[in-house]
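Me: I would like to learn how to read a few local features of a protein model, one after another. Could you take me through them with the general idea before each case?

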Amino acid sequence: MSRRKVSGLNHMPEAVTLGRFLEQQKLEPLREDPLFQEEMLALAIQTLSFSSRESGLSEGGNNRLPGKSLSLPLAGSHVHLEDQGKYLRLRIAEGEEKTPRTQGSFLCAFSGTWEDFCTQAADWMEREKGRILGACEGFTRNLTEQITQGYGLSILAELKKTLGVDLFLLDKHFKVLSWEGGGRFPFHPVSFVTPKLSHFKSMDLLLETPLGIGKWNDAQYKELPLSWYPLAGHQGVLGYIGLGIEQGELNPVGRLFLYKAAVLLYFELAKAQSVEDTERQHYRDFLFDLLYNNFDSLEVVQSRGKLWGMDLTKPHLVVVGEIPGYDPDSMDQLAFQELLDTVSTALRNQPRTIFLERNDQIVLLYPLEGMIPLSQWEATAKKLLSPLLILLEGLEEERSMMFGVGNLYPSARFIHRSFQEAKSALELGQLFNLQERVILFQDLGVMRLLLNLEQQELEDFRNEVLGPLLKFDQENNLHLEETLLAYLASDGDLNLAGDRLFLHPNTLRYRLKKAAEVLDRDLNSLETRMNLFIALKIGRLKSLWQE
């Protein structure tokens with residue numbers, strides 16, 4: 001009888017397949033049975049159950065004799081055997097044992113008593129279970145001893161030896177922690193496409209956790225198989241194991257050994273994560289103090305920064321980025337986390353850049369060698385952000401990012417001011433629907449001044465200038481406020497303003513004439529236009545005050 005074995009898995013107990021079971025029990029499938037398929041013999045067994053003619057069969061053949069259902073701690077198929085006198089009927093199903101999905105069935109020639117067969121089959125299953133669990137316990141004990149002796153991630157070499165496949169380990173930032181190549185993989189790490197959380201059907205660290213499909217960046221390795229096994233638990237995803245196999249190439253015994261090693265690796269990463277979290281919290285505390293000006297003097301700022309490897313004697317360009325309209329309670333949370341991972345990876349090539357995530361935004365501080373002219377601020381900001389802007393080009397519009405840039409100051413003592421300016425630039429850029437990805441605070445013109453005035457003073461000015469028009473808009477449906485803003489923002493270009501409002505120029509002319517009548521003002525007067533434009537802008541700012 002033929003048996004199919006997965007190549008390369010030579011250091012583990014043999015898998016418990018249907019073919020091996022039939023061979024051990026001296027059962028031969030009736031090849032003329034139209035339901036028989038040769039591929040069934042390679043199926044791994046998870047449970048065996050039995051029923052005889054005397055016991056009766058329920059619909060679907062799922063009735064089992066008491067005490068005659070045997071299970072292995074492996075993923076696989078459910079095999080049900082029915083006594084039919086001179087023959088045995090094998091029914092094969094997969095999925096949950098209570099709700100299996102039929103894979104097929106066939107007959108085997110049978111001699112001897114049903115009771116003896118059940119006893120022999122049960123004994124064989126128990127021996128197989130003991131053989132696999134014994135080997136797995138020895139494997140796990142060996143790995144645990146290595147970890148106890150301080151060899152932590154070196155257990156990856158033992159996993160490679162056991163599985164017979166090349167593999168490597170990443171942390172959650174996709175940094176290669178250990179690489180075990182030399183077979184299918186090169187001896188040294190090569191570039192791969194980073195795994196995305198959304199590509200995994202399940203992120204739980206379980207025996208049956210499915211592998212994810214991986215890809216390489218280098219074209220010369222495109223035929224090289226790569227699968228991902230996520231290391232996830234109560235602390236989230238802490239890393240990934242990359243394996244040089246196709247998704248279905250690892251048999252259930254291999255999956256058991258992989259799972260045991262993955263649990264230990266997860267706890268090793270969790271320990272490292274705990275230390276990293278403590279350090280990162282101190283680091284975040286320092287950055288928050290820097291961004292909110294919680295230091296007594298510049299000397300304290302610079303000395304504390306030096307402890308974290310920052311040179312705060314130099315000017316820093318401050319940038320704040322976010323996904324417009326991002327809702328942290330929606331499905332976009334996964335997309336935001338993936339975006340942060342992408343940004344974090346891109347910033348590795350800019351080791352001096354200071355990076356912080358806060359309130360669903362990212363804050364970037366770029367150190368410069370010295371002050372630069374105001375005319376160069378925009379070009380410098382876009383050049384520094386270019387790696388991120390290139391990455392974001394391929395994203396869907398609603399998941400891309402906008403960046404606000406604060407003014408550049410010569411001293412770290414004013415980083416907090418630049419931070420507030422960058423946030424304002426980002427807010428106003430979205431409020432006025434600016435089509436730029438990078439918005440500089442210095443380009444906001446009069447809006448910068450309005451942000452620093454008292455709200456009541458601004459409200460009074462708006463009502464003085466626009467009062468009659470606002471009242472008219474409440475009582476009618478001509479949207480004169482919106483019309484005036486579009487017209488003035490278009491520098492008086494009727495065609496451009498009409499396009500923005502989706503209005504015919506004649507309709508726009510009528511509305512503008514009506515606005516002039518309601519306000520009793522000459523819209524051609526430069527002073528009138530200036531006052532109206534500022535009052536209209538104040539109206540847009542009100543949405544920020546209400547937050």
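Me: Where does G85 lie?

Reply: Helices (H or I, at least four residues) and strands (E, at least two) are DSSP runs, numbered from the N terminus; in those terms G85 sits in the loop that connects β4 (77-84) with β5 (87-94). This is a predicted model, in which local features need pLDDT of at least 70, side-chain atom pairs count only at pLDDT 80 or more, and totals for chains, interfaces and linings use all residues. Residues are numbered from 1 along each chain as its sequence is written, and side-chain values use heavy atoms, with hydrogens and water left out.

Me: Which residues of α13 are buried, and how are they arranged around its axis?

Reply: An α-helix has 3.6 residues a turn, so residues three or four places apart point the same way. In α13 (residues 505-519) the buried residues are L508, R511, L512, A515, A516 and L519. Viewed down the helix axis they fall within an arc of 140° (taken from the directions from the axis to the C-beta atoms), so they line one face of α13.

Me: What follows α13?

Reply: The residue after α13 is D520, with a positive phi near 55°.

How values were computed
Buried < 20%, exposed > 50% of the residue type's maximum accessible area, 1.4 Å probe, protein only.
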